[in-house]
Amino acid sequence: MIPGFMIMGYIFMFTALFGSILALIQRDLMKSVILIGLEGLAVAFLYQTLRAPDVGITQAILGAALLPGIFAITVYKTRREEE
Amino acid sequence: MSLETLFQPMCFLTAAALVVVGLYAVIFMDNLLKKIIGVTLISDGVNLVLITGGFNKIVAIISPEMYEQGVKSTAFETLTEFPEFAAQAAFPLPSALVLTSIVISVSIFAIMLALAIRLYQHYNSMSCSVIFKEVDE
(Lines give C-alpha, C1' and ligand atoms only; values in the text may rest on other atoms or scores of the structure.)
Protein backbone atom coordinates (compact mmCIF):
# COMPACT_ATOMS: atom_id res chain seq x y z
CA MET A 1 0.00 0.00 0.00
CA ILE A 2 1.63 3.17 -1.19
CA PRO A 3 1.09 6.23 1.02
CA GLY A 4 -0.78 9.19 -0.36
CA PHE A 5 2.05 11.65 -0.03
CA MET A 6 4.24 9.54 -2.30
CA ILE A 7 1.61 9.67 -5.06
CA MET A 8 1.62 13.45 -4.59
CA GLY A 9 5.41 13.38 -4.79
CA TYR A 10 5.39 11.52 -8.12
CA ILE A 11 2.85 13.97 -9.54
CA PHE A 12 4.98 16.94 -8.51
CA MET A 13 8.17 15.41 -9.90
CA PHE A 14 6.39 15.13 -13.27
CA THR A 15 5.13 18.72 -12.95
CA ALA A 16 8.57 20.12 -12.12
CA LEU A 17 10.26 18.38 -15.06
CA PHE A 18 7.70 19.23 -17.71
CA GLY A 19 7.16 22.75 -16.38
CA SER A 20 10.87 23.46 -16.75
CA ILE A 21 11.04 21.97 -20.25
CA LEU A 22 7.92 23.86 -21.37
CA ALA A 23 9.30 27.10 -19.91
CA LEU A 24 12.37 26.87 -22.12
CA ILE A 25 10.55 26.29 -25.42
CA GLN A 26 8.14 29.23 -25.19
CA ARG A 27 8.52 32.17 -27.57
CA ASP A 28 6.56 34.52 -25.32
CA LEU A 29 8.73 35.27 -22.29
CA MET A 30 5.80 36.06 -19.96
CA LYS A 31 4.46 32.51 -20.43
CA SER A 32 7.97 31.26 -19.67
CA VAL A 33 8.02 33.26 -16.40
CA ILE A 34 4.63 31.83 -15.35
CA LEU A 35 5.85 28.30 -16.05
CA ILE A 36 8.94 28.98 -13.91
CA GLY A 37 6.56 29.89 -11.07
CA LEU A 38 4.75 26.57 -11.62
CA GLU A 39 8.05 24.71 -11.45
CA GLY A 40 9.00 26.45 -8.20
CA LEU A 41 5.63 25.56 -6.68
CA ALA A 42 6.03 21.91 -7.69
CA VAL A 43 9.49 21.79 -6.11
CA ALA A 44 8.02 23.37 -2.94
CA PHE A 45 5.40 20.60 -2.67
CA LEU A 46 8.13 18.04 -3.35
CA TYR A 47 10.09 19.39 -0.38
CA GLN A 48 6.92 18.98 1.68
CA THR A 49 6.64 15.31 0.70
CA LEU A 50 10.35 14.81 1.48
CA ARG A 51 9.64 15.78 5.14
CA ALA A 52 11.31 19.18 5.04
CA PRO A 53 8.32 21.49 5.57
CA ASP A 54 10.35 24.57 6.54
CA VAL A 55 12.20 24.46 3.24
CA GLY A 56 8.88 23.90 1.48
CA ILE A 57 7.35 27.03 3.01
CA THR A 58 10.40 29.14 2.13
CA GLN A 59 10.50 27.80 -1.43
CA ALA A 60 6.76 28.44 -1.85
CA ILE A 61 7.20 32.08 -0.84
CA LEU A 62 10.49 32.89 -2.56
CA GLY A 63 10.63 30.48 -5.50
CA ALA A 64 6.98 30.53 -6.49
CA ALA A 65 5.98 34.13 -5.73
CA LEU A 66 8.96 36.50 -5.40
CA LEU A 67 11.18 35.06 -8.16
CA PRO A 68 8.51 35.13 -10.93
CA GLY A 69 7.67 38.64 -9.72
CA ILE A 70 11.16 39.97 -10.35
CA PHE A 71 11.35 38.00 -13.61
CA ALA A 72 8.10 39.67 -14.69
CA ILE A 73 9.53 43.10 -13.81
CA THR A 74 12.53 42.28 -16.02
CA VAL A 75 10.28 41.23 -18.90
CA TYR A 76 8.31 44.46 -18.45
CA LYS A 77 11.49 46.56 -18.52
CA THR A 78 12.89 44.79 -21.60
CA ARG A 79 11.13 43.28 -24.63
CA ARG A 80 8.50 40.59 -24.27
CA GLU A 81 9.07 38.32 -27.24
CA GLU A 82 12.26 36.47 -27.98
CA GLU A 83 14.07 37.73 -31.08
CA MET B 1 10.92 -2.90 -6.40
CA SER B 2 7.74 -1.09 -5.49
CA LEU B 3 6.89 2.53 -5.96
CA GLU B 4 7.61 3.08 -2.27
CA THR B 5 11.26 2.01 -2.48
CA LEU B 6 11.69 3.82 -5.79
CA PHE B 7 10.59 7.17 -4.36
CA GLN B 8 14.01 8.39 -3.25
CA PRO B 9 15.86 7.30 -6.46
CA MET B 10 13.16 8.96 -8.55
CA CYS B 11 13.68 12.18 -6.59
CA PHE B 12 17.41 11.94 -7.33
CA LEU B 13 16.62 11.39 -11.02
CA THR B 14 14.32 14.41 -11.06
CA ALA B 15 17.05 16.57 -9.53
CA ALA B 16 19.59 15.30 -12.08
CA ALA B 17 17.19 16.01 -14.93
CA LEU B 18 16.62 19.55 -13.62
CA VAL B 19 20.38 20.16 -13.56
CA VAL B 20 20.74 18.79 -17.12
CA VAL B 21 17.90 20.92 -18.48
CA GLY B 22 19.34 23.99 -16.74
CA LEU B 23 22.82 23.36 -18.17
CA TYR B 24 21.30 22.99 -21.65
CA ALA B 25 19.54 26.33 -21.23
CA VAL B 26 22.67 28.10 -19.96
CA ILE B 27 24.86 26.82 -22.78
CA PHE B 28 22.61 26.73 -25.85
CA MET B 29 19.82 29.30 -25.36
CA ASP B 30 20.39 32.66 -27.00
CA ASN B 31 18.17 34.88 -24.87
CA LEU B 32 19.63 36.30 -21.65
CA LEU B 33 16.43 35.72 -19.64
CA LYS B 34 16.36 32.05 -20.60
CA LYS B 35 19.98 31.70 -19.50
CA ILE B 36 19.00 33.09 -16.09
CA ILE B 37 16.02 30.69 -16.00
CA GLY B 38 18.53 27.88 -16.58
CA VAL B 39 20.54 29.02 -13.56
CA THR B 40 17.37 28.88 -11.42
CA LEU B 41 16.76 25.31 -12.62
CA ILE B 42 20.32 24.29 -11.66
CA SER B 43 19.82 25.86 -8.21
CA ASP B 44 16.54 23.96 -7.69
CA GLY B 45 18.18 20.70 -8.75
CA VAL B 46 21.08 21.04 -6.35
CA ASN B 47 18.77 21.93 -3.45
CA LEU B 48 16.61 18.91 -4.30
CA VAL B 49 19.65 16.60 -4.22
CA LEU B 50 20.55 17.79 -0.72
CA ILE B 51 17.00 17.46 0.63
CA THR B 52 16.52 14.01 -0.94
CA GLY B 53 19.77 12.76 0.60
CA GLY B 54 18.37 13.40 4.06
CA PHE B 55 14.99 11.81 3.40
CA ASN B 56 14.66 8.65 5.49
CA LYS B 57 16.33 5.63 7.09
CA ILE B 58 18.94 7.83 8.68
CA VAL B 59 19.13 7.19 12.40
CA ALA B 60 21.89 9.58 13.29
CA ILE B 61 20.56 10.90 16.56
CA ILE B 62 20.36 7.65 18.58
CA SER B 63 22.76 4.71 18.65
CA PRO B 64 21.77 1.22 17.29
CA GLU B 65 21.51 -0.31 20.80
CA MET B 66 19.13 2.41 21.86
CA TYR B 67 17.28 1.87 18.61
CA GLU B 68 16.83 -1.86 19.38
CA GLN B 69 15.59 -1.58 22.95
CA GLY B 70 13.74 1.68 22.70
CA VAL B 71 14.32 4.96 24.43
CA LYS B 72 12.80 5.68 27.82
CA SER B 73 12.37 9.40 28.03
CA THR B 74 12.20 10.99 31.46
CA ALA B 75 10.09 13.89 30.31
CA PHE B 76 7.56 11.82 28.36
CA GLU B 77 6.69 8.55 30.12
CA THR B 78 4.26 7.40 27.48
CA LEU B 79 6.65 7.84 24.57
CA THR B 80 7.21 4.19 23.60
CA GLU B 81 7.14 4.53 19.83
CA PHE B 82 10.21 6.68 19.61
CA PRO B 83 12.32 4.23 17.50
CA GLU B 84 9.65 4.08 14.80
CA PHE B 85 9.55 7.83 14.78
CA ALA B 86 13.34 7.98 14.51
CA ALA B 87 13.30 5.49 11.63
CA GLN B 88 10.86 7.65 9.71
CA ALA B 89 12.28 11.07 10.53
CA ALA B 90 14.35 13.07 8.08
CA PHE B 91 17.92 14.14 8.73
CA PRO B 92 17.69 17.76 9.90
CA LEU B 93 21.06 19.11 8.69
CA PRO B 94 20.34 19.45 4.90
CA SER B 95 17.07 21.28 5.46
CA ALA B 96 18.87 23.82 7.65
CA LEU B 97 21.51 24.35 4.97
CA VAL B 98 19.11 24.49 2.01
CA LEU B 99 16.97 27.08 3.81
CA THR B 100 19.95 29.47 3.70
CA SER B 101 20.78 28.49 0.11
CA ILE B 102 17.32 29.37 -1.22
CA VAL B 103 17.36 32.85 0.31
CA ILE B 104 20.86 33.58 -1.01
CA SER B 105 20.00 32.29 -4.51
CA VAL B 106 16.97 34.61 -4.79
CA SER B 107 19.14 37.65 -4.02
CA ILE B 108 21.72 36.47 -6.58
CA PHE B 109 18.97 36.18 -9.21
CA ALA B 110 17.83 39.71 -8.40
CA ILE B 111 21.36 40.99 -9.08
CA MET B 112 21.59 38.98 -12.33
CA LEU B 113 18.26 40.36 -13.58
CA ALA B 114 19.32 43.92 -12.72
CA LEU B 115 22.52 43.43 -14.76
CA ALA B 116 20.43 42.02 -17.63
CA ILE B 117 18.24 45.15 -17.59
CA ARG B 118 21.37 47.35 -17.73
CA LEU B 119 22.72 45.32 -20.68
CA TYR B 120 19.42 45.76 -22.49
CA GLN B 121 19.47 49.52 -21.91
CA HIS B 122 23.05 49.76 -23.21
CA TYR B 123 22.93 47.45 -26.24
CA ASN B 124 19.15 47.57 -26.90
CA SER B 125 18.91 43.79 -27.27
CA MET B 126 18.47 40.70 -25.08
CA SER B 127 20.14 38.32 -27.52
CA CYS B 128 23.60 37.11 -26.56
CA SER B 129 24.89 36.86 -30.15
CA VAL B 130 23.94 40.50 -30.87
CA ILE B 131 25.58 41.67 -27.64
CA PHE B 132 28.79 39.74 -28.35
CA LYS B 133 28.87 41.12 -31.91
CA GLU B 134 28.59 44.68 -30.62
CA VAL B 135 31.25 44.03 -27.98
CA ASP B 136 33.69 42.84 -30.65
CA GLU B 137 33.27 45.99 -32.74
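Which pattern does chain A follow when read along the sequence? In this predicted model, chain A reads α-α-α, with three helices and zero strands. Along the principal axes, the C-alpha atoms of chain A occupy a box of roughly 50 × 25 × 10 Å. Of the 83 residues in chain A, 47% are buried. Among the contacts in chain A with a separation of 6 or more, 54% join residues 24 or more positions apart.

Chain A also meets a partner, chain B. Their contact draws 36 residues from chain A and 37 residues from chain B. On chain B, the side that touches chain A receives at least two residues from each of α1 (7–28), α2 (32–53) and α5 (92–123). The largest share of that side, twelve residues, is supplied by α5(B). Sorted by class, the side of chain B that touches chain A comprises 28 nonpolar, six polar and three charged residues.

The nonpolar interior can be considered next. In soluble globular proteins, nonpolar side chains tend to be buried together. Here the largest nonpolar core holds 41 residues, and Leu46(A), Tyr47(A) and Ile37(B) have the most contacts inside it. Both chains contribute: α1 (4–24), α2 (29–49) and α3 (53–77) of chain A, along with α1, α2 and α5 of chain B, each provide at least two residues of this core. The most come from α2(A), which gives eleven residues.

Technical notes. Residues numbered from 1 in each chain as written. Chains lettered and ligands numbered in written order. Predicted model: local features only at pLDDT ≥ 70, side-chain atom pairs only at ≥ 80, totals over all residues. Contact = placed C-beta atoms within 7 Å. Helix = DSSP H or I, 4+ residues; strand = E, 2+ residues; numbered from the N terminus. Nonpolar A, V, L, I, M, F, W, Y, C, P; charged D, E, K, R; others polar. Core = buried A, V, L, I, M, F, W, Y, C linked by C-beta atoms within 7 Å. Buried ≥ 20, exposed ≤ 12 C-beta atoms within 10 Å, placed from the backbone.
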